[in-house]
Amino acid sequence: MGEGTSKGMLTVGAYEENARARAFYRRGGFEEIGSREDELTGSREYWTEWKGESI
């Protein structure tokens, strides 16, 4: 790592029905990276990822 800096990454999932959570992540700078159907619930789950740097 460079002096005084580190890169971070956070991946989270939210169900399609949870519009508030999905909007929250979008506002926070998360980008959608994929989705899948949850076998247990039958709901679509969207995966989002945030990449950032801290000093």
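This is a predicted model: local features need pLDDT of at least 70, side-chain atom pairs count only at pLDDT 80 or more; totals for chains, interfaces and linings use all residues.
**Whole chain.** Start with the cartoon view. The protein chain has one helix and three strands. Along the sequence they follow the pattern β-α-β-β. Now colour by burial: of the 55 residues, 22% are buried. Turn to contacts between residues at least 6 apart in sequence: 48% of them join residues at least 24 apart.

**Glu49.** Select Glu49, in strand β3 (residues 44-54). Its relative accessible area is 15%, under the 20% cut-off, so Glu49 counts as buried. Show its surroundings. Leaving out residues up to four places away in sequence, Glu49 touches Met9, Leu10, Thr11, Gly29, Phe30, Glu31 and Ile33.

Side chains of opposite charge can pair when their charged atoms come close. The whole structure holds four salt bridges.

Lys51 is exposed, at 60% relative accessibility, whereas Glu49 is buried.

Next, pick Arg36, Asp38 and Glu45. Salt bridges that share partners join these residues into one network. Within it, Asp38 and Arg36 meet at 3.9 Å, N to O. Asp38 is buried, with a relative accessible area of 9%. Arg36 is partly exposed at 37%.

Finish with Glu32 and Arg22. Their side chains meet in a salt bridge at 3.7 Å, N to O. Glu32 is partly exposed, with a relative accessible area of 49%.

Note on methods: Residues are numbered from 1 along each chain as its sequence is written. Side-chain values use heavy atoms; hydrogens and water are left out. Helices (H or I, at least four residues) and strands (E, at least two) are DSSP runs, numbered from the N terminus. Buried means under 20% relative accessible area, exposed over 50%, partly exposed in between (1.4 Å probe, protein chains only). Contact means heavy atoms within 4.5 Å.
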